[in-house]
Amino acid sequence: QVQFVESGGGLVQPGGSLRLSCVVSRSIVSFDSMAWYRQAPRKQREWVARIFNDGSKTYADPVKERFTISRDNAKKTVYLQMDSLKPEDTAVYYCNGLPRGDWGQGTQVTVSS
């Protein structure tokens with residue numbers, strides 16, 4: 001069973017930056033794509049960004065121009081660089097592949113002054 005281990009979250013002021021990492025227990029090229037999701041309090045989990053094996057990327061509208069997804073196949077790791085953070089970005093962030101596996105524990109991101 002594949003495992004996803006997210007890290008890098010924390011408390012940051014509005015306008016700040018964080019870099020999240022997701023280490024996967026098997027080769028990430030075995031997935032059609034890798035993605036980041038987030039779940040804010042009292043809300044459903046939502047998709048944030050996706051990166052395909054050819055390197056192409058797509059982003060949800062609320063994070064376009066602020067977040068950047070990347071991958072290191074050799075390290076079996078997916079990253080999410082988050083800049084110009086806003087309070088509405090506060091959530092637990094998860095990564096997963098497509099086809100999707102079981103969810104990991106996620107990493108908490110809190111944007112607050």
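Which residue forms a salt bridge with Glu46? In this predicted model, where local features need pLDDT of at least 70, side-chain atom pairs count only at pLDDT 80 or more, while totals for chains, interfaces and linings use all residues. Residues are numbered from 1 along each chain as its sequence is written, and side-chain values use heavy atoms, with hydrogens and water left out.

The partner of Glu46 is Arg38, with the closest N and O atoms 2.7 Å apart; a salt bridge here is a side-chain nitrogen of Lys or Arg within 4 Å of a carboxyl oxygen of Asp or Glu. Arg38 is buried at 6% relative accessible area, whereas Glu46 is partly exposed at 36% (buried means under 20%, exposed over 50%, partly exposed in between, with a 1.4 Å probe and protein chains only).

By this rule there are 4 salt bridges. Asp89 and Arg66 pair through their side chains at 2.7 Å, N to O. Asp89 sits in the loop between β8 (77-82) and β9 (91-98) and Arg66 in the loop between β6 (57-59) and β7 (67-72), so this pair ties together parts 23 residues apart in sequence. Both Asp89 and Arg66 are buried. A network of salt bridges links Arg38, Glu46, Arg66 and Asp89. Asp61 and Lys64 also meet in a salt bridge, at 3.0 Å from N to O; Asp61 is exposed at 60% and Lys64 partly exposed at 42%.

Turning to the whole chain, the protein has 0 helices and 10 strands (DSSP runs numbered from the N terminus: helices are H or I of at least four residues, strands E of at least two). Buried residues make up 44% of its 113 residues.
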